[in-house]
Protein chains: 2
Amino acid sequence: MKKILFLFILIVFSLCEIGLAQTGQVTVSSKLAGTAHSSPYNMYGAQYPFIEADNCVTFQFYAPDAQKVQVAIANVPFDMKKGEDGVWTYTSEPQDYGYHNYWMIVDGAIVLDPATDGFIGYSHDCNGFEIPDPNGDFYDIKDVPHGDVLIKNYYSTVTETWRMAFVYTPPDYNKNTNARYPVLYLQHGGGEDQRVWIEMGRTNLILDNLIAEGKCKPFIVVMETSAATKPGEAPPERIQPAARQQTQGIQPAPRPRMRFSFDTYAELIVKDLIPYIDGNFRTQKDQSSRAMAGLSMGSMVTRSVALPNLDKFSHIGLFSGGTLAPDQISDKSKVKLVFMSYGSRERGADSVKEAAKLLNEAGVRSVSYISPLTAHEWQSWRRSLREFAPLLFNN
Amino acid sequence: MKKILFLFILIVFSLCEIGLAQTGQVTVSSKLAGTAHSSPYNMYGAQYPFIEADNCVTFQFYAPDAQKVQVAIANVPFDMKKGEDGVWTYTSEPQDYGYHNYWMIVDGAIVLDPATDGFIGYSHDCNGFEIPDPNGDFYDIKDVPHGDVLIKNYYSTVTETWRMAFVYTPPDYNKNTNARYPVLYLQHGGGEDQRVWIEMGRTNLILDNLIAEGKCKPFIVVMETSAATKPGEAPPERIQPAARQQTQGIQPAPRPRMRFSFDTYAELIVKDLIPYIDGNFRTQKDQSSRAMAGLSMGSMVTRSVALPNLDKFSHIGLFSGGTLAPDQISDKSKVKLVFMSYGSRERGADSVKEAAKLLNEAGVRSVSYISPLTAHEWQSWRRSLREFAPLLFNN
């Protein structure tokens, strides 16, 4: 009888509360700028996080018996205040435009709010919210031809495992069935994976819009995960999730091995991923039609993969991930573009203009970009992609 | 200085702990049956949930200052035990084969473990774990031709919003570029959305494998979300996430409106989704080449959409969602198949065989199926799809 009642309650609730996540992609974000509204990543009907008209964000979280609840916004914890109903509340300072990760800390435990969609970041699942940018229509969904995002499983001979890639094909890919397209290999940051350039980066929408305006050539984008180990090569030990220690100021335990190398991933890209993509999509296979870029740690990955393989890559993008000096490029004639960018609030922001100047003087075409009033966050990288894409495959 | 140190720590951690989620799709699950292993949905390097060789599951969760921590497995809470290091532990009874939702309850708050991938269910994000089925190789990834999973944004004139659909195209879709394919519209359950039939259901792998074995005709699958409101039509009020109340035994507050109707969604499917799919994919557009099926509440959706539109749908599947009686079908000559299934542990399991008999006697081809030793869970629905797919579009 208890089970039947339970099932009945389950069914009734299921009917009234229907999940609808991943709605961020289909929200016209820029039109919400300056209005008070629920964040687009909230579950259907969930009001919080609530974006105030001045870009402050109000969080609410139900934890009736907790002693202390904090909300961590982009890894900085803020104390919430408990109400009589067991609901804790916090309203933040105004936030920068764009996507931000957050999570809850309940009595010392880093946890997620189940009423908001989950996004990979900081090496674990995170909650997210979005501050609309009045000039953010470049990543709005619009009534223009749309490319496809494909989830592709493929087998790697290097790792001896099946792996997953996200692939964007441009709007005319399925119409011009004899056309071949250049390819950008686009790399996530530390603690992320192949999904982020679609889910937070809005790569598909940014390129759809640029292509519709005639601002960039149509090309394919391949997004994979740089975590790659060969058989017998152990993944890093994990004692506690890193951010959990970090947020609480716990000294991390010594690690038996630290893997800073992307050699296995570089081998996988050359031996498995490029042949798979070239074998299964209508690509242009020459070096001048292949680019690689990445954000943050993905810039390090890009250096590790592209620089030793200049017979395969011609265009390089480093978003919030340092610079390149002329003497790091073994054969300058091979490199058609080095693009380097930062958010203006980042420490590296003052370095890219000079680095681009030195590269240009050394005969390597280089462009730098500073995203105004953004930090080490997605709005810097969405804008970087918008600036980078028009420079690709046009020389 | 503090900021620089913070960035340094962030970078170091980012390098050692690289997220790798959604690996479930690329794990050969059946080969893990009977072995002790970490669940495939755990973040890269995260050990727990840990699947014991006897299908008990060990959970660990770090909550140093909490008074009480529980793990809820498929919505049933179990008390965890605190260790001196602030880590709480619980080992479950043996679990049924297949995917199971779980979450944590920390001092009364329903929260998620950030070290495991997030999945939509119960109207909110959930954590998941997977018990390998020794006979589960029908949803393993194999070295057979693979179809595509596409994430498609399209505009609905009914809701006046952009919406998102997941679309599976069979392995030969891009090779036989003149071939046209029948279409199955496949519906999620209550509190879920368009992602679940890929992420938990493994629809793409199940169909790839069936097609490779010559057991079913290649067809397209369209997965959309049944939450749909017209402009001005308010979504259901949300006071607290339903499961949060449910798990804690809190009596739900009265709701100002309860929306049990799928009329708007039915209108959307007929006016927007079918024309979009038929206009953008090489489909067979006749009634005999269009099917609809759903799990749990999705069976109710299937009835609401297909039965009033028998000029558009010919094959019907109800997975863990009740039965159809002959007098519910207005024009029996239009219906080529009614498939009804349940897990053997479900209350409805004893009803489908008799219901199928009555339909067959009334001249409607009907097939029933009982999934052995499974409940109202994904293993019932993976198996239901395996049984249903070969019956489609072959008469």
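Contact here means heavy atoms within 4.5 Å. The structure is a predicted model, in which local features need pLDDT of at least 70 and side-chain atom pairs count only at pLDDT 80 or more, while totals for chains, interfaces and linings use all residues. Residues are numbered from 1 along each chain as its sequence is written, chains are lettered from A and ligands numbered from 1 in the order in which they are written, and side-chain values use heavy atoms, with hydrogens and water left out.

**View 1. The two domains of chain A and the surface between them.** Chain A is divided into domain 1 (20-135) and domain 2 (143-230 + 259-391), with bounds that come from an automatic or database domain assignment. Taken over C-alpha atoms, the centres of these two domains of chain A are 29 Å apart, and 21 residues of domain 1 are in contact with 21 residues of domain 2. Together the two domains of chain A bury about 1,500 Å², 40% of it on carbon and sulfur atoms, where buried area is the accessible area (1.4 Å probe) that two parts lose on being put together, summed over both. On the side of domain 1, A:Gln25, A:Tyr99 and A:Ile120 lose the most area to domain 2, together 40% of what that side buries.

**View 2. Salt bridges between the domains of chain A.** Four salt bridges are counted between domain 1 and domain 2 of chain A, a salt bridge being a side-chain nitrogen of Lys or Arg within 4 Å of a carboxyl oxygen of Asp or Glu. A:Arg202 forms a salt bridge with A:Glu130, and the closest N and O atoms of this pair are 3.7 Å apart.

View 3. A:Pro49 is found in the loop between strand E1 (37-38) and strand E2 (50-51) of chain A, strands (E, at least two residues) and helices (H or I, at least four) being DSSP runs numbered from the N terminus.
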